[in-house]
Amino acid sequence: MMPVQDVVSSAFELFGRDEIFDENVYLMADKINQLTEEELDCRREYIGPYPYVFTEIVDGERFQISIFYIKKGYNLPLHDHPGMYGIIKVLFGEVRLECYSVSNSEGDLKDLTDLSERSIIPCERSMDTILRKDSKPIILTPTVNNIHKVIAEKDSAFFDCLIPPYDNNCHFYNVKKLIDSKKDIYELECTGSHPDDSYHTVRRQYSGEKFYPSGDHKKNF
């Protein structure tokens, strides 16, 4: 089976039910780790003059897989995926991934689905790392690493899998201040459900390996 077909078929098989199991997310990450930029026809010239380019591969009822291209010096703003899992795999270039996990006063992790806009939220900075094409995929869960920012140190592209897909309920954040240096806890402000005007994506049609979708789906390029 071709690598892209294997990833798509596995996604329909692993996430075809309402309940999402952690072990299935890790199995999916292993599949995604085998993908290459050549198989996905993922090229640096596709960035061109655009800071952000988005290629949708599958927009399913229970998952979404896509490719993000980011021009050097730009970033995907600090945002969340409420109640969702995410898998990020760099295909080319180099990105810095900065992640935060929400905590309450007792330090227990909290799901982002019950946050209100304009909230001031204490968060642990749970990851700050450099990712390249030889890096393993990073997994975001509903409680761990869910608030994140992707900074392009070079012209870069990454494969993105979201389970379940977005339902227009993303929040954006600003880091206000460090409040506990020993525990690496920061104060974040939720600024609403829309990024600032400087963030605008250009869409590019998928042109990688052909595949046959399985199960129910909305669109396939």
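The side chains of Lys 133 and Glu 37 are joined by a polar contact of 2.8 Å in this predicted model. A polar contact is a pair of N or O atoms within 3.5 Å; within protein, one must be able to donate a hydrogen and the other to accept it, and residues adjacent in sequence count only if both atoms are side-chain atoms. Lys 133 is located in the loop between strand S6 (120–132) and S7, helices (H or I, at least four residues) and strands (E, at least two) being DSSP runs numbered from the N terminus. With a relative accessible area of 46%, Lys 133 is partly exposed; buried means under 20% relative accessible area, exposed over 50%, and partly exposed in between (1.4 Å probe, protein chains only). Residues up to four places away in sequence aside, Lys 133 touches Glu 37, Lys 89, Val 90, Leu 91, Phe 92 and Gly 93, where contact means heavy atoms within 4.5 Å. The C-alpha atoms of Lys 133 and Leu 91 are separated by 4.9 Å, although the two residues are 42 residues apart along the chain.

Residues are numbered from 1 along each chain as its sequence is written. Local features need pLDDT of at least 70 and side-chain atom pairs count only at pLDDT 80 or more, while totals for chains, interfaces and linings use all residues, and side-chain values use heavy atoms, with hydrogens and water left out.

Arg 43 and Tyr 69 are 26 residues apart in sequence, and their C-alpha atoms are 9.2 Å apart in space. Arg 43 is partly exposed at 40% relative accessibility, whereas Glu 45, at 54%, counts as exposed. These two residues form a salt bridge, with the closest N and O atoms 3.9 Å apart.

A salt bridge is defined as a side-chain nitrogen of Lys or Arg within 4 Å of a carboxyl oxygen of Asp or Glu. By this rule the count comes to 11 salt bridges. One of them joins Lys 31 and Asp 6, whose closest N and O atoms are 3.3 Å apart. This pair links distant parts of the chain, with Lys 31 in helix H2 and Asp 6 in helix H1, 25 residues apart. Lys 31 is partly exposed at 33%, and Asp 6 is likewise partly exposed at 25%.

Another salt bridge connects the side chains of Lys 176 and Glu 189 (3.8 Å, N to O). Lys 176 lies in strand S10 (residues 172–180) and Glu 189 in strand S11 (residues 185–192), so the pair ties together parts that are 13 residues apart in sequence. Lys 176 is partly exposed at 47% relative accessibility, while Glu 189 is buried at 17%.

In helix H2 (residues 22–32), the buried residues are Asn 24, Val 25, Met 28, Ala 29 and Ile 32. They lie on the same side of H2 because they cover an arc of only 145 degrees around the axis, the arc being that of the directions from the helix axis to the C-beta atoms. These buried residues pack against helix H1 (3–14), strand S4 (85–92), strand S7 (138–140) and strand S9 (156–163). The exposed residues Glu 23 and Asp 30 are carried on the face of H2 turned away from its buried side.
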